[in-house]
Amino acid sequence: MKAEYTDEIMDPSGFVLLSDFVPGIIQEIRYHSTYNFIGDRIDGYEEPCAILTKEAARAITSVSNEMMVHGYRLKIFDAYRPARAVKHFVLWGIEDQDIRMKPYFYPDLEKQELFMKGYIAKQSGHSRGSTVDLTLLNMKTGREIDMGSPFDLFSEISHPDCRTITDEQYENRMFLQQIMVRNGFVPIDCEWWHFSLKNEPYPDIYFDFPVASEYLRR
């Protein structure tokens with residue numbers, strides 16, 4: 001759907017820090033770091049914090065509460081993503097010849113295939129503010145549970161329904177997916193970690209304010 005290029009895209013009034021709703025949530029915001037498929041900090045990520053719409057944050061709170069009963073904590077890799085970050089992805093894919101992170105994130109694909117196969121989009125649901133990338137941490141071990149592939153590995157093995165992984169890894173994916181769906185999120189078919197709020201409040205707006213807590217407290 002075409003973005004609405006109005007003043008709305010810079011208005012963070014409907015957004016919150018996820019940590020304000022889920023105190024102590026684990027955050028490893030990859031696009032604020034250099035450990036991502038590009039290898040640089042991504043445009044618009046000024047602070048390593050997860051930001052979501054209020055509606056999505058409330059739903060994640062319910063997910064977190066349910067997971068805690070089962071002995072798990074949520075670990076967030078990405079949430080709201082500014083439109084400028086998506087532009088960074090696209091320009092890297094079109095113009096940049098740098099493939100230094102290929103062995104880690106897309107070992108079996110060429111850069112151009114990342115777009116054709118749907119791993120990177122020219123407009124991302126993340127920019128609408130109600131999409132989250134996450135996994136589970138076992139509270140007893142302090143480690144991520146085994147999902148069969150790491151976050152942002154662009155490969156068929158990362159598809160939620162992939163059956164070349166072990167039964168335990170598949171069951172872990174389905175456990176995460178079932179609880180996310182029960183709390184109002186929908187998955188996609190190529191990334192086990194990616195979920196969007198079904199009834200998202202801004203289905204037609206792609207926001208572009210930076211990822212930083214100061215923008216939410218003005």
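Cys162 first. Cys162 counts as buried because its relative accessibility is 10%. Buried here means under 20% relative accessible area, exposed means over 50%, and partly exposed lies in between, with a 1.4 Å probe and protein chains only. Cys190 is buried too, with a relative accessible area of 6%.

A word on the source. This is a predicted model, where local features need pLDDT of at least 70 and side-chain atom pairs count only at pLDDT 80 or more, while totals for chains, interfaces and linings use all residues. Residues are numbered from 1 along each chain as its sequence is written, and side-chain values use heavy atoms, leaving out hydrogens and water.

Back to the cysteines. How many disulfides does the structure hold? It holds 0. Cys162 is in no disulfide, and the nearest cysteine sulfur, that of Cys190, is 13 Å away. The cut-off for a disulfide is a pair of cysteine sulfur atoms within 2.5 Å. In general, a disulfide is a covalent bond between the sulfur atoms of two cysteines.

Now the charged pairs. The structure holds 11 salt bridges. A salt bridge is a side-chain nitrogen of Lys or Arg within 4 Å of a carboxyl oxygen of Asp or Glu. The general idea: side chains of opposite charge can pair when their charged atoms come close.

Take Glu144. Glu144 forms a salt bridge with Lys75, and the closest N and O atoms are 2.8 Å apart. That pair links distant parts of the chain: Glu144 sits in strand β6 (residues 143-144), Lys75 in strand β4 (residues 72-78), 69 residues apart. Helices (H or I, at least four residues) and strands (E, at least two) are DSSP runs, numbered from the N terminus. Is Lys75 buried or exposed? Lys75 counts as buried, at 11% relative accessibility. Glu144 is partly exposed, at 38%.

Next, Arg30. Its partner is Glu28, with the closest N and O atoms 2.6 Å apart. Arg30 counts as buried at 9% relative accessibility. Glu28 is partly exposed, with a relative accessible area of 28%.

One more pair. Arg100 forms a salt bridge with Asp40, at 2.9 Å between the closest N and O atoms. This one also links distant parts of the chain. Arg100 is in the loop between α3 (83-94) and α4 (102-105), and Asp40 is in the loop between β2 (26-27) and β3 (51-53), 60 residues apart. Arg100 is partly exposed at 42%. Asp40 is partly exposed at 32%.

On to helix α6. It runs over residues 167-182, so 16 residues, and reaches 22 Å from its first C-alpha to its last. That is close to the 22 Å expected at 1.5 Å a residue. The expected span is 1.5 Å times one less than the number of residues. Buried residues of α6 include Tyr170, Arg173, Leu176 and Ile179. What covers the buried residues? The cover includes α2 (54-69), β5 (131-138), β7 (185-187) and β8 (194-197). After α6 comes Gly184, with a positive phi near 100 degrees.

Last stop, Met10. Met10 lies in the segment before β1 (15-17). Met10 counts as partly exposed because its relative accessibility is 42%. Which residues does Met10 touch, not counting residues up to four places away in sequence? Arg84, Asp208 and Phe209. Contact means heavy atoms within 4.5 Å. Met10 and Gly142 are 37 Å apart in space, C-alpha to C-alpha, and 132 residues apart in sequence.
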